[in-house]
Amino acid sequence: MKKSVIIYGSQYGSTQKYAEHLSAVTGIECRSCSEVENINDYERIIYMGALYAGGVLGLKKLAKKLTTQELIVVTVGIADPTKLENIQNIRESLKTQIPERFFNEKNIFHLRGAIDYGHLNIKHKIMMSMVHSKVSKMPEEELNEESKAMLATYGKQVDFIDYDSLKPLITILNSNTPR
């Protein structure tokens, strides 16, 4: 069996919740990206990271340390991961964060997280305020689903965490089949 580890980068807790749940279900060790010193001890890295402005928290730094491991990437964000446009945007961004030899679309998963505007740090509050301001000035016919959802939830607490969305990944991890 491959020696695996779940590593997560979480700012507000959604990604950590998913990582800890995945660990409990699979028995795979789970650690924060700030706690992992030597990734070369593992053959398979399951990296779960929060999405911020298209980037995955901590992924680029981890990717620089990869040698021959299998990399599975799980993104967690507010954007609906069932929408093709969102998946395409996230994956294009991932291509700038992961060396090409580790980029495998079969090993990329997307989950939906949560946001509580009342708990955002000042930087993220300003960023979200700027996005909201821009989107709220757009004509209705130019708004996509994500923009409409952002306008509807802005300033509120929303939680889209769904542990059932981990099932495809759990199946793969339990089969221990390289992808």
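**View 1. Tyr52 counts as partly exposed, at 24% relative accessibility.** Partly exposed means between the two limits: buried is under 20% relative accessible area and exposed is over 50%, with a 1.4 Å probe and protein chains only. This is a predicted model: local features need pLDDT of at least 70, side-chain atom pairs count only at pLDDT 80 or more, and totals for chains, interfaces and linings use all residues. Residues are numbered from 1 along each chain as its sequence is written, and side-chain values use heavy atoms, with hydrogens and water left out. Tyr52 is part of strand S3. Strands here are DSSP runs of E with at least two residues, helices are runs of H or I with at least four, and both are numbered from the N terminus. Beyond its neighbours within four places in sequence, Tyr52 touches Gln11, Tyr12, Leu57 and His124. Contact means heavy atoms within 4.5 Å. Val131 lies 79 residues away along the chain, and its C-alpha atom is 13 Å from that of Tyr52.

**View 2. Strand S3 pairs with S1, S4 and S5.** Two strands pair if DSSP finds at least two bridges between them. S3 is largely enclosed by the rest of the structure, because 8 of its 9 residues are buried. Strand S1 (residues 4-9) runs parallel to S3 over 6 bridges. Here Gly9 stands opposite Gly49. S5 is also parallel to S3, with 7 bridges. Ile45 faces Leu71 in this pairing, and Tyr47 has Val73 as its bridge partner. Strand S4 (residues 55-56) is antiparallel to S3 and is joined by 2 bridges. Leu51 sits opposite Val56 there.

**View 3. Strand S5 is covered on both faces.** In a regular strand the side chains alternate between the two faces of the sheet. On one side of S5 are Glu70, Ile72, Val74 and Val76; on the other are Leu71, Val73, Thr75 and Gly77. With 8 of its 8 residues buried, S5 is largely enclosed by the rest of the structure.

**View 4. S5, H3 and S6 form a right-handed β-α-β unit.** Right-handed means that, with the strands pointing away from the viewer, the path from the first strand over the helix to the second runs clockwise. S5 and S6 are parallel and share 5 bridges. Val74 is partnered by Phe109, and Gly77 by Arg112. In S6 (residues 108-112), 5 of 5 residues are buried. Ile108, His110 and Arg112 point one way from S6, while Phe109 and Leu111 point the other way.

**View 5. Ser14 is buried in helix H1.** Its relative accessible area is 13%. Apart from neighbours within four places in sequence, Ser14 is in contact with Val76, Gly113, Ala114 and Ile161.

**View 6. The largest pocket has a volume of about 1,200 Å³.** A pocket is an open set of points on a 1 Å grid over the protein atoms alone, where a 1.4 Å probe fits, with protein on both sides within 12 Å along at least five of seven lines; lining residues have an atom within 4 Å of a point. The volume is the space filled by probe spheres set on the points, which are joined across faces, edges and corners. The lining holds 44 residues, with Leu51, Gly77, Ile78, Ala79 and Met128 nearest the centre. Elements that give two or more residues to this lining include H1 (14-26), S3 (44-52), S5 (70-77) and H4 (122-136).
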